[in-house]
Amino acid sequence: MGGSDSEVEKTAQKEKEKKKVLALAPIAKPLAGKKLSKRTLKLVRKAAEHKCLKRGVKEVVKSIRRGHKGLCVIAGNISPIDVITHVPILCEESDIPYVYVHSKEDLATAGATKRPTCCVLVMTKPAKGELDQGEQEKLKSDYDQVAAEITEITASLF
């Protein structure tokens, strides 16, 4: 009986994954794979803990225009897509690496909010105050690793 329950759970999980793929926007490129997506969301979680995160389109756009540098993570299942179509262009003009992840719900969970989030900007330094040297180094190394992988994906795309 326990085996059939796990099979039901697996089928439900597969259905969920199919829905995520179907809901993806056609402009969601470069799209993070499973491994990079997991690593990126982990970075977002750490940045949220250290207050190094800007959430939502309005805050992200404002930060980019003010010259803040970071890593932009955009959800791929946004509807209507017009809400975020200008964000990648802003990122390219400001030389900010960006990547799409599969769902806005996962992005919100990683960013420590209950509300689904369209995009977040991960910064290496907090907006206010300072971080401990060790935490700053750890966040920076994770950030550099993810940014390098995103640059690699983007280079192979164009």
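In which strand is the place of cysteine 72? In this predicted model, cysteine 72 belongs to strand E2, which covers residues 71-75.

View 1. With a relative accessibility of 0%, cysteine 72 counts as buried, because buried means under 20%. Beyond the neighbours within four places in sequence, cysteine 72 is in contact with Val60, Val87, Cys91, Ile96, Pro97, Tyr98, Val99, Val120 and Leu121. Among these residues, tyrosine 98 in E3 is the one that stands opposite cysteine 72. Alanine 112, which is 40 residues apart from cysteine 72 along the chain, has its C-alpha atom 16 Å from that of cysteine 72.

**View 2. The open four-stranded sheet and helix H6.** The strands follow the order E1-E4-E2-E3 with mixed pairing. Strand E1 (53-55) and strand E3 (98-101) each have a single partner strand and stand at the edges, so one side of each is left without a neighbour in the sheet. On average, neighbouring strands of this sheet are turned by 20° against each other, direction ignored. Helix H6 (residues 133-157) packs on the sheet, where it touches E2, E3 and E4, and its direction makes about 65° with that of E2. Between E2 and E3 the pairing is parallel and runs over four bridges.

**View 3. Threonine 117 in the loop between helix H5 (104-110) and strand E4 (119-122).** Threonine 117 counts as buried at 8% relative accessibility. The side chain of threonine 117 makes a polar contact with the side chain of threonine 113 (3.5 Å), while a polar atom of the threonine 117 side chain lies 3.2 Å from the backbone oxygen of arginine 115. Leaving aside neighbours within four places in sequence, the contacts of threonine 117 include Arg55, Gly56 and Ala75, as well as Leu107.

Definitions and conventions
Residues numbered from 1 in each chain as written. Predicted model: local features only at pLDDT ≥ 70, side-chain atom pairs only at ≥ 80, totals over all residues. Heavy atoms only, no water. Helix = DSSP H or I, 4+ residues; strand = E, 2+ residues; numbered from the N terminus. Buried < 20%, exposed > 50% of the residue type's maximum accessible area, 1.4 Å probe, protein only. Polar contact = N/O pair within 3.5 Å; in protein donor to acceptor, adjacent residues only side chain to side chain. Contact = heavy atoms within 4.5 Å. Pairing = 2+ DSSP bridges. Axes fitted to C-alpha atoms, helices over the stretch in contact; angles between N-to-C directions.
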